Amino acid sequence: QLAPPSLSFLARHYCDPTEEVQAAARALLEGALQRMTPQMRQRVVEAWTPRLVPPPHHPPQPTPPKAAAAPAPSAALSRRQLLTTTTTELHAAQPPASPAEKPLPFELTSAHGVAVLVLGVLVCRFGAEVDPRIHAALTSSLLALLDSPSEEGRLAAADLLSKAYLVWRSHLPQPAALIRTLFNYAAAAAAAAAAA
């Protein structure tokens, strides 16, 4: 019986400097995801999400008194409202990100880098559903990847951002700036191809 290929292994070669290896890894990764049912792809999203966005750290709560009161209706309502709040409202309610929260450079072969590629392909090519927090983290990571010292990393980020622009748009701080960057990459690639 044929074992399915390792998504982690294929994602590590998604930006391989050798063009043939890169093309093979991308084809095999997308083929492996294509053969999955939507439910299986959703399980992959759930399994890879913690590598992209670690679960928030909650400090230990004090032990409630014996006669603990029921939760206040306003608290229950705010939780219910949070589940139905639109992405725009969530972003409007969030304070500006502090410098410590800005995406840091990462290696494409790290757990975070591999998660960005696997989840990025799932969202971009297969329309996998992820919550707004994951969309925002993916968008930030792909934008950070545009500044990667690796040309292959920059091109992979440009490819994923351009092919699913409508998916990422609501999480882009400056959509027009991204479009200019993508056009510059396309123009540079065309010029390089013409010069070769």
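I took helices (H or I, at least four residues) and strands (E, at least two) as DSSP runs, numbered from the N terminus. Read along the sequence in that way, the protein chain gives me the pattern α-α-α-α-α-α-α-α-α-α, that is, ten helices and zero strands.

Before going on, I noted that this is a predicted model, in which local features need pLDDT of at least 70 and side-chain atom pairs count only at pLDDT 80 or more, while totals for chains, interfaces and linings use all residues. Residues are numbered from 1 along each chain as its sequence is written, and side-chain values use heavy atoms, with hydrogens and water left out.

**Whole chain.** I looked up burial (under 20% relative accessible area is buried, over 50% exposed, in between partly exposed, with a 1.4 Å probe and protein chains only), and found that 32% of the 196 residues of the protein chain count as buried. The chain exposes about 12,800 Å², of which carbon and sulfur atoms supply 62%; the areas come from the Shrake-Rupley method. For contacts (heavy atoms within 4.5 Å), I noted that, among those with a separation of 6 or more, residues 24 or more positions apart account for 69%.

**Helices α8 and α10.** I then turned to α8 (residues 151–163) and α10 (residues 175–195), whose axes come within 11 Å and cross at roughly 125°. The axes are lines fitted to C-alpha atoms, for helices over the stretch in contact, and angles run from 0 to 180 degrees between N-to-C directions. This makes α8 oblique to α10, given that angles under 35 degrees count as roughly parallel, over 145 as roughly antiparallel, 65 to 115 as roughly perpendicular and the rest as oblique. In the contact, Arg-154, Ala-158, Leu-161 and Ser-162 of α8 meet Leu-178, Leu-182 and Tyr-185 of α10. By class, I recorded five nonpolar, one polar and one charged residues there (Ala, Val, Leu, Ile, Met, Phe, Trp, Tyr, Cys and Pro are nonpolar, Asp, Glu, Lys and Arg charged, the others, Gly among them, polar).

**Ala-158.** Which residues does Ala-158 contact, leaving aside its neighbours within four places in sequence? I found Leu-146, Leu-182 and Tyr-185. Ala-158, which lies in α8, counts as buried at 9% relative accessibility, and its C-alpha is 6.8 Å from that of Leu-146, twelve residues away in sequence.

**Gln-22.** Last, I checked Gln-22 in helix α2 (residues 19–34), and found Gln-22 buried, with a relative accessible area of 17%. Not counting residues up to four places away in sequence, Gln-22 touches His-13, Tyr-14, Cys-15, Asp-16 and Glu-152.

Notes
Areas by Shrake-Rupley, 256 points an atom, 1.4 Å probe, with all protein chains shown as cover.
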